[in-house]
Protein chains: 2
Amino acid sequence: MNRERRQDNRKRQARGELRIAQILDAAAECFGEVGFASTSTNAIAATAGISPGSLYQFFANKDDIARALAKRYIRLLEAAHGEAFADEVAKLPLSDMLDRIVDPIVAFNLAHPGFQALLADPGVPSQVSEAKKPLHAVMLTRIDAIFGVRAPELAPDKRRRGAEVAVGIFAALLRMVLAAGPAERPALVAELKRAVGGYLGPLVGEGAV
Amino acid sequence: MNRERRQDNRKRQARGELRIAQILDAAAECFGEVGFASTSTNAIAATAGISPGSLYQFFANKDDIARALAKRYIRLLEAAHGEAFADEVAKLPLSDMLDRIVDPIVAFNLAHPGFQALLADPGVPSQVSEAKKPLHAVMLTRIDAIFGVRAPELAPDKRRRGAEVAVGIFAALLRMVLAAGPAERPALVAELKRAVGGYLGPLVGEGAV
DNA sequence: GGAAAATGCGAGTGATCGCTCGTATTTTTG
DNA sequence: CAAAAATACGAGCGATCACTCGCATTTTCC
């Protein structure tokens with residue numbers, strides 16, 4: 001309500017901004033361990049080292065915390081996407097292109113393990129899960145643009161489906177990479193690139209990697 | 001504890017078996033709509049058209065319901081796997097093999113929408129999520145056997161990784177197929193086969209499909 | 001310095017949920 | 001037909017959880 005508004009407009013001190021960051025860190029940790037639904041707000045407060053009351057000085061409710069965390073992740077990830085989908089990558093050879101796209105996104109997810117935990121959790125409120133839609137849309141648009149450069153004759157619906165399937169394969173193998181131990185990771189990343197490249201290759205008129 | 005034992009050993013009447021089936025159907029419906037954690041046992045009872053007390057005549061607790069539902073699904077799915085991984089399929093041409101394996105599993109998941117909802121829910125208790133491990137292991141073993149027939153020279157670790165990645169791709173695109181509308185489905189199933197076939201082809205020494 | 005604003009606390013409130021219990025009804029058994 | 005077993009009920013208990021409230025402390029602003 002307007003309580004939430006008042007909270008947004010409230011003038012934060014440096015201490016407050018710090019607390020907000022602490023709370024989001026704590027929430028990421030808790031969500032990652034037991035999921036959104038099973039995480040109590042008191043647990044988040046305890047993990048952040050503050051009292052339950054203080055938590056509500058900065059967030060209107062539990063959903064609000066998840067929403068803010070998702071927003072923070074998306075802001076960070078968009079920077080990584082900037083590197084990954086720079087204009088010139090579309091013209092690179094397929095395997096180079098995959099290196100450029102895949103590596104930064106894998107690095108981001110390794111650096112922020114809570115990201116997948118939150119955004120992939122089906123128990124999360126709809127307002128949060130919808131936060132990743134623009135992200136998904138951006139990836140699809142970028143891949144669509146890549147098709148535009150590398151396979152302009154491809155029909156639009158096949159393009160779109162190809163992009164969605166490629167993203168789906170990528171997301172699935174990314175989860176496997178994150179779940180694997182550090183020793184297994186490089187080989188799995190290679191398989192990820194082989195799989196996505198092998199799927200895109202024929203669509204794009206280029207041999208498998 | 002032994003309360004649970006007593007319940008297992010209790011002699012069920014026909015009426016009781018029917019109630020159990022009703023309860024599992026209701027649970028599948030509820031879990032599918034809001035997930036395991038957010039489903040209340042009273043809601044399951046109400047959906048099944050019985051009282052909360054009656055529910056506990058047949059199940060020791062909420063986890064027990066999920067476990068029984070998972071067991072039921074796995075029993076059903078194993079029949080589908082029987083068709084999918086019959087011995088002779090390993091020798092079929094790659095695209096025929098994929099038809100034989102993919103189609104019945106897609107059909108099963110379409111017929112039982114609660115299956116993915118339950119087994120993919122991260123909020124589910126560990127005893128339930130571990131129920132799908134044997135399922136996963138069986139799939140890996142079968143695919144490993146296929147490698148044994150079609151690419152016997154492949155190193156064991158590459159074999160294993162190839163099988164896991166193939167299953168990962170399959171599972172991800174299967175979820176996309178289930179999420180898509182009926183109109184999109186056939187094309188997506190075709191892409192699923194193209195993706196898995198395209199990944200397996202080089203490993204198995206066969207051209208893409 | 002002093003008022004106002006921001007931050008901090010933690011016991012407490014109301015609601016929800018998993019599950020129990022006493023009891024009533026139906027079915028099986030001998 | 002009884003006695004026993006299985007099924008059925010639903011109010012309510014104890015625990016948990018999201019969130020509040022009254023009040024104390026710290027920081028900012030003039």
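**Salt bridges, interface and core**

Author: A:Arg159 counts as buried, because its relative accessibility is 18% and the limit for buried is under 20%. Please keep in mind that this is a predicted model.

Reader: Which residue does the side chain of A:Arg159 meet in a salt bridge?
Author: The partner is A:Asp144, at 3.5 Å from N to O. The pair links distant parts of the chain, since A:Asp144 lies in helix α9 of chain A and A:Arg159 in helix α10 of chain A, 15 residues apart.

Reader: And is A:Asp144 buried or partly exposed?
Author: A:Asp144 is partly exposed, because its relative accessibility is 23%.

Reader: How many salt bridges are there over all chains?
Author: A search of the whole structure finds 18. In chain A, for instance, A:Asp99, A:Asp103 and A:Lys193 are linked in a network of them.

Reader: What about chain B? Where do B:Glu164 and B:Arg160 lie?
Author: Both lie in helix α10 of chain B, four residues apart, which is about one turn of the helix. B:Glu164 is partly exposed at 27% relative accessible area, and B:Arg160 is partly exposed at 45%.

Reader: Why are B:Glu191 and B:Arg194 separated by about one helical turn?
Author: They are separated by about one helical turn because they are three residues apart in helix α11 of chain B. B:Glu191 counts as buried, with 15% relative accessibility, whereas B:Arg194 is partly exposed, with 22%.

Reader: Is B:Lys193 buried or exposed?
Author: B:Lys193 is buried, because its relative accessible area is 15%.

Reader: Changing topic: how many residues does the contact between the chains take from each one?
Author: The contact takes 21 residues from chain A and 21 residues from chain B. The area buried between the two is about 1800 Å², and carbon and sulfur atoms give 69% of this. A:Arg161, A:Arg194 and A:Tyr199 supply 27% of the area that chain A buries against chain B, more than any other three residues.

Reader: How many salt bridges does the rule find across that interface?
Author: It finds two. In one salt bridge, the side chains of B:Glu184 and A:Arg161 meet at 3.4 Å, N to O. The elements that give two or more residues to the side of chain A that touches chain B are α10 and α11 of chain A. The largest share of that side, nine residues, comes from α10(A).

Reader: Which residues touch the most other members of the largest nonpolar core?
Author: Of the 75 residues in this core, A:Ile169 and B:Ile169 touch the most other members. Helices α6, α9, α10 and α11 of chain A, together with α6, α9, α10 and α11 of chain B, are the elements that give two or more residues to the core. Not counting residues up to four places away in sequence, A:Ile169 touches A:Ala195, A:Val196, A:Tyr199, B:Ile169, B:Leu173 and B:Ala195.

Reader: How many helices and strands does chain A have?
Author: Chain A has eleven helices and zero strands. Buried residues make up 45% of the 209 residues in chain A.

Reader: What does UniProt list for residues 17–77 of chain A?
Author: An unreviewed UniProt entry lists them as "domain: HTH tetR-type". Over this stretch the chain is 80% helix and 0% strand, with the end C-alpha atoms 21 Å apart. An unreviewed entry in UniProt also lists residues 40–59 of chain A as "DNA-binding region". Residues 40–59 of chain A are 75% helix and 0% strand.

Reader: One last item: where is B:Asp87 placed?
Author: B:Asp87 is in the loop between α5 and α6 of chain B. It counts as exposed because its relative accessibility is 68%. B:Asp87 and B:Ala145 are 58 residues apart in sequence and 9.4 Å apart in space, C-alpha to C-alpha.

Terms used: Residues numbered from 1 in each chain as written. Chains lettered and ligands numbered in written order. Predicted model: local features only at pLDDT ≥ 70, side-chain atom pairs only at ≥ 80, totals over all residues. Heavy atoms only, no water. Core = buried A, V, L, I, M, F, W, Y, C linked by side-chain atoms within 4.5 Å. Buried < 20%, exposed > 50% of the residue type's maximum accessible area, 1.4 Å probe, protein only. Contact = heavy atoms within 4.5 Å. UniProt positions renumbered as here; feature names shortened; annotations may be inferred. Buried area = accessible area lost by both parts, 1.4 Å probe. Salt bridge = Lys/Arg side-chain N within 4 Å of Asp/Glu carboxyl O.
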